[in-house]
Amino acid sequence: MANSVGIERIDAGWPSVDVDTTVPHPARVYDFWLGGKDNFAADRALAESIMQWVPVMPAKVRVNRAFLGRAVRYLAEVEGIRQFLDVGAGLPTARNTHQVAQEIEPSNRVLYVDNDPVVVAHARALMASNGPGMTGFEQADLRNPDSIMYHPAFARTLDLTQPVGVLMLAVLMLIPDDEHPYEAVSKLMTVLPPGSYLAVTHLTADVDPAGVGGLVAAAEQQGSVVVARRRAEVEEFFAGMDMITPGVVPVTSWRPEPEGEISPEDQLAGTYAYAAVGRKPR
Ligand SMILES: C[S@@+](CC[C@H](N)C(=O)[O-])C[C@H]1O[C@@H](n2cnc3c(N)ncnc32)[C@H](O)[C@@H]1O
């Protein structure tokens, strides 16, 4: 039952924390596009108004998750990465980072962080039954990288003598320039050992400025800040790092499965986000 300000105590399925169901939340909007059930009317309203501008949004979210699978597999299988830090992890869905990583090596470890306490509580509940590699889902904020680096779970989970695979998928687009996303990424990567990797996906308006402009305005109207960045601005997140081939590309073009066919809808959806992986020099 919602109270007069829309704060709802959710007991069925959601953890026992206060959820403001009147304000759309990026993780729940994403969940709606992925066909999940962890969303409320305000999330669905924003999802639908964004789809009036960019109808392929559900496919865009799907190809973003498919990149997660390819990137984690590449890092674990080809580069031998054994520990991952997934920043802005969002609500669990099919094939989360630890599941992909542990298919390659069951002892692979993953620390998930998200700044939203509701996402963290709900994700912990959903993932409680997962195996030994799912070592933590903690609350921390990328805008304050110290909250990640000095979180007790950081040193407990990650062996800082070994390289780490860091994922920042569809999260940097939620941090405007005046909240210093470039400095945050750089500070976090500085404490990680040489040979660590950074994987990013990021919304762009390069191909459809009108549609993405409408998306950004629709989000703003409902109280959410979303930033589209140009290709060069996405590349700047990797300053001082070596780019892994093919560099910053539409998300479906980053090392596609050789045997996998990409539908025309997914191909189009892929042009709304860039993907890239870089390595901190050894
Ligand atoms: C759009 S979802 C993306 C989820 C997942 N990374 C993916 O690509 O499917 C963005 C997530 O980032 C989280 N987030 C937003 N700003 C953040 C910040 N400053 N620090 C940590 N997490 C943040 C949100 O709570 C949300 O769960």
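Why is strand E7 largely enclosed by the rest of the structure? I shall answer that after two remarks on the model.

This is a predicted model, in which local features need pLDDT of at least 70 and side-chain atom pairs count only at pLDDT 80 or more, while totals for chains, interfaces and linings use all residues. Residues are numbered from 1 along each chain as its sequence is written.

Now to the strand. Seven of the seven residues of E7, residues 197-203, are buried, so the strand is largely enclosed by the rest of the structure. Here, buried means that 20 or more other C-beta atoms lie within 10 Å of the residue's own; 12 or fewer is exposed, anything in between is partly exposed, and C-beta atoms are placed from the backbone. Strands (E, at least two residues) and helices (H or I, at least four) are DSSP runs, numbered from the N terminus. Both faces of E7 are covered: one side carries Tyr 197, Ala 199, Thr 201 and Leu 203, and the other Leu 198, Val 200 and His 202.

Next, the partners of E7. Strands pair if DSSP finds at least two bridges between them. Strand E6 (residues 165-169) runs parallel to E7 and is joined to it by five bridges, with Leu 169 opposite Thr 201. From E6 the chain crosses through helix H8 (residues 181-191) to E7 in a right-handed β-α-β crossover; that is, with the strands pointing away from the viewer, the path from the first strand over the helix to the second runs clockwise. Strand E10 (residues 273-279) is antiparallel to E7, with seven bridges between them, and Val 200 stands opposite Ala 276.

Leu 169 also brings us to the ligand. Among the 21 residues around the ligand, Leu 169 comes nearest together with Ala 27, Gly 88, Gly 90 and Asn 115; a residue counts as near if its C-beta atom, placed from the backbone, lies within 6 Å. Helices H1 (26-33) and H3 (57-78) each supply at least two residues of this shell, and H1 gives the most, with three.

Elsewhere, Glu 235 lies in helix H10 (residues 231-235). Glu 235 is partly exposed, with 18 other C-beta atoms within 10 Å.

Finally, the protein overall. There are 11 helices and 10 strands, and 45% of the 282 residues count as buried. The C-alpha atoms fill a box of roughly 55 × 40 × 40 Å, taken along the principal axes.
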